[in-house]
Every structure is written in C-alpha cells, then in structure tokens.
Amino acid sequence: MSNALGLEVKTIVETPPEEVERVKEWINTDEYKEKNFARQALVINPAHACQPLGAQLAAHGFEGTLPFVHGSQGCASYYRSTLNRHFREPAPAVSDAMTEDGAVFGGQNNLHEGLENAYAIYKPKMIAVFTSCMPEVIGDDLTAFIKNAKQKGFVPKEMPVPYANTPSFSGTHINGYDSMLLSILQNLTEGKQIEGRCTGKLNLIPGCDFNTGDYREYKRILEAFGIPYTVLADISDSFDSPCDGNYHLYAGGTKLDDAADSINCKATIAIGSYSTAKTFGWVKDNFSGKHASLPMPMGIEKTDAFVMKVAELFGKDVPASLKNERGRAVDAITDSHQYIHGKKFAVYGDPDYLMGYVSFLLEVGARPYHILCSRGNKKVEKDLQALLDSSPFGQGCKIYMNKDLWHLRSLLMTDPVDGIIGDSHGKFAARDAKVPLFRFGFPIFDRVNKHRYPLIGYQGAINMMTEICNKFIDIKDETCEDRQFELMR
C-alpha cells in the first residue's frame, strides 16, 4: 500500500485477503442483517440532512434575503456546498464564524459584527438568521441579541431580521425549513392584518421541496385556473435563474410586500403536512380565509386532490386544459404500466416525498416493498401503513422507521427488489445490489438538471413513469441475448 506521494505505508494490522472476502460475503447475509438492525447508538449514512440546511432553503425563497448562519464557518460551508452541488447554482449565505471564544463567552459579539458587515456589504432587504450546533449548546439568546443589534445600530430598526433555532443535533432539514418559514411569516406579517381586507389571493406553501420544476408546475396549474396567488418561499428563480452574463446575488424569491400581505388572503394551501406542520398550525390561527393541508400531489390521485381543492376554495370549474393533461397522464400510464406492474421497489427519503412515492407506485401497479424513513414518528408510520392497506399492491410491503441507508443495504441484499427510489446517497447500496436507482428527491449530486423537471402534477406523473419504465427497458436491451434484442419493446 502506498500513499499519494508513492511512499510505502505499513499497516498496523494485516488483514488476510481471505478474511476480507469472508466479511464481504457475510455482510450480505441474514445473520449480518439481524446484527445490523440491532444497533442503536450508531447511524450510518442517514437519509436526511440537518435543520440549518432546510432553514437556508426557506430563506432563499424570499426577495432580497440573505441567509445568515449564527455558528461556525465550517457549518455554513456545508449548507452552501450541499445546495450548490444539488442545484449547480450559487447558494449565497454568510456566517458570523463563531470559534472557541464564542463557545466560552457567547456569540453576541460575533452576531453583531456579522450583521453589521452583512448589511453594509451585501445590502439585503431581509436577513434570515438561523443557528448551528454551537450556539444552541451554549444557549445563545437570539431574541435579545437581535434586539440589541438594532438598538446599537448594527442593522436598521425597520429591517426584518427573522430568526430560527435550528440545532443540527435534533430533527432534520424539514424541521429547520418549517421553523425558518414560520419565523419569516411571523415577522413580515406582524401588524399587517386589516379587518375586512381580502387580497383575493391563494397562498401556496410548497413545503420543503428542493425541485424547482415543482414550483413552476404549481404556478402553471394555478395560472390555468386564473387564480391570483402568492407562493410563500418561492425558490424557482433563486436556484434556476437565467444565464444572462451577470451574477444576481438575490435572484427571484417571494416579494416581501406580497408575503406581508399574505395574512389577508382568501385561502391558504400548505403542501406537505410533515414539513409545514408548525407553519400551517400558526397560519390556521392567524391568517384570514380558508385553510387546507394536502400531501404532495404526486401521481394521479394526489394531483386530483390538489386540483379539486383549488377549484373548491375558489368556486371554479377545473379548466379544460387540466382535464386534458389528466387524460394524457392516464394514457401515458396505460401505455407503459406493463413495464412496471408488479415490480418491487425500495423507497427512502423525507416523509412527504415518501407519501408521494408510495401513492404513485401503488396506483401504477408496483409494490413499494421496502419503505425506509430516516427520521419519522408514529404518525408517519400510521399514514404510510394506511396507504399500503388501501391497495392490494401494498400487501407484504414493510415500513422501516428511523433507519439509515446501511440498514437499507441489508434489506436489498437479503430480500431483493427490482429498483430503488431516493437521492444520490443510495447509489452505493444500489451498486452492491445490482439494481437501478431512480434519483428523485434531495440531494441529487451525480446527475444533472434533475431538479428542473417536475415530479408533482399530471406532468410529474408522466415524468416519473417515463424515467422508470425506460430504465427497465434499457436494462432489458443491455442484458438480453441477441435473439431477444427486439426493435419493439
């Protein structure tokens, strides 16, 4: 063994090649799976990110907003690089770079200096502050810190500086998204409610969705209805802006005035009951109009529910263009269902994505055989089980709560499936199991432009069906004997 300089490196313990081979085979057995599932204190390759990353995503959804990490520079680099690698777009954010001094004496000085510099250099319209682990462990009081910053003139008193406590050691990115979005809406709408005023608009809260194509699809559907709307936390331009030769620090995002006036809406629809739980609870108590929380509209049935709810809230008929889209989606599924019917899938990801994947697979006759949620609760499990029980294709399928992708590998090796649905991190297990990975969700690092085409809506159903079926046809072409290499599949 040698290192990058070509120098010989002597290992402390020499492992015989036959022992390496024995272990490689052993980790594919039921015996190892039993030991793997017995572990409690160790997590290996979890299928989630941490709270602050979700908070940063929410902040990018608003006009002129600078995400501000109260914590270490290394943490901020992780959130930015993860978003950058997924979207292949800049993810501008700043940090007050807390170090050992801040851990001992508190981070107020770091925060004040950081806010002053951020405002002077980057000229934001809003600064959204969220925390990493260090300030959470020592108990920094952001309410007092930000109040003091405004009193001392580090930022203007009228500037919105919402904040969220987002410890990385609890929850996941969906919890951080929810906390940051709630704080932003509370801050911007404070004192803006006007008795008797109605904007006539629909507030759409898309939830913690990292797919810019989904945001555009929501807007296209609402425009087909002719309904005025405000998307609360709109990242479609923030992470999918035109290349015009100039860098735009604040590309897109929901207008702050529109967000402030959203409290006077006609109706609000929150997508994803798990990633918008706190936000939707507060909206129901404080926003005017009617309110509804719906699952992600993946597949025909869930898209129908979304379209019908919009029609109901605004007393409108479903536009003919959407009826035609639905018909085309049903036709596309009918044309291709034979390539997916009865096949077994392993699926993993956020609870809201999982509900969408499972619903879609069941309605096209596939089996979501292994369902793995890295961080979930009994409600998530109960809702997933209800979905499985609603279809004959759900029989025998199992749910694995609070498990990671190393658990998934054991499942794939001992109880095989035909395909996997999830993010890029599952590619290693998919390679070992020799089955295709269909990259939906977040993050997608190893493919391009995946975030640009929708997974929601009738078009999303066509997109998912097309990608999955064509991959299975590719595999058949690549592995069949010459005499079975047919022109028509």
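Lys and Arg count here as positive and Asp and Glu as negative, while His and the chain ends are not counted. On that basis the chain has 53 positive and 61 negative side chains. The centres of the two sets lie 2 Å apart. The model is predicted.

**Overall build**
- The chain has 19 helices and 13 strands.
- Its radius of gyration is 24 Å, close to the 23 Å that the globule rule gives for 489 residues, so the chain is as compact as a globular protein of that length.
- Along the principal axes, the C-alpha atoms fill a box of roughly 75 × 70 × 45 Å.

**Burial, contacts and surface**
- Of the 489 residues, 53% count as buried.
- Among contacts with a separation of 6 or more, 74% come from residues 24 or more positions apart.
- The accessible surface is about 22,400 Å². Carbon and sulfur atoms account for 52% of that surface.

**Cysteines**
- A search of the whole structure finds 0 disulfides.
- A disulfide needs two cysteine sulfur atoms within 2.5 Å. The closest cysteine sulfur to that of Cys 50 is in Cys 133, 7.1 Å away, so it is too far for a bond.
- Cys 208 is in no disulfide either; its nearest cysteine sulfur, that of Cys 50, is 12 Å away.
- Cys 50 is buried, with a relative accessible area of 13%. Cys 208 is also buried, at 6% relative accessibility.

**Asn 175**
- Asn 175 sits in helix α9, which covers residues 173-189.
- Asn 175 is partly exposed, with a relative accessible area of 31%.
- Asn 175 and Pro 351 are 176 residues apart along the chain, and their C-alpha atoms are separated by 12 Å.

Methods:
Residues numbered from 1 in each chain as written. Predicted model: local features only at pLDDT ≥ 70, side-chain atom pairs only at ≥ 80, totals over all residues. Heavy atoms only, no water. Buried < 20%, exposed > 50% of the residue type's maximum accessible area, 1.4 Å probe, protein only. Helix = DSSP H or I, 4+ residues; strand = E, 2+ residues; numbered from the N terminus. Rg over C-alpha atoms; globule rule 2.2 N^0.38 Å. Contact = heavy atoms within 4.5 Å. Areas by Shrake-Rupley, 256 points an atom, 1.4 Å probe, with all protein chains shown as cover. Charge placed at Lys NZ, Arg CZ, Asp CG, Glu CD.
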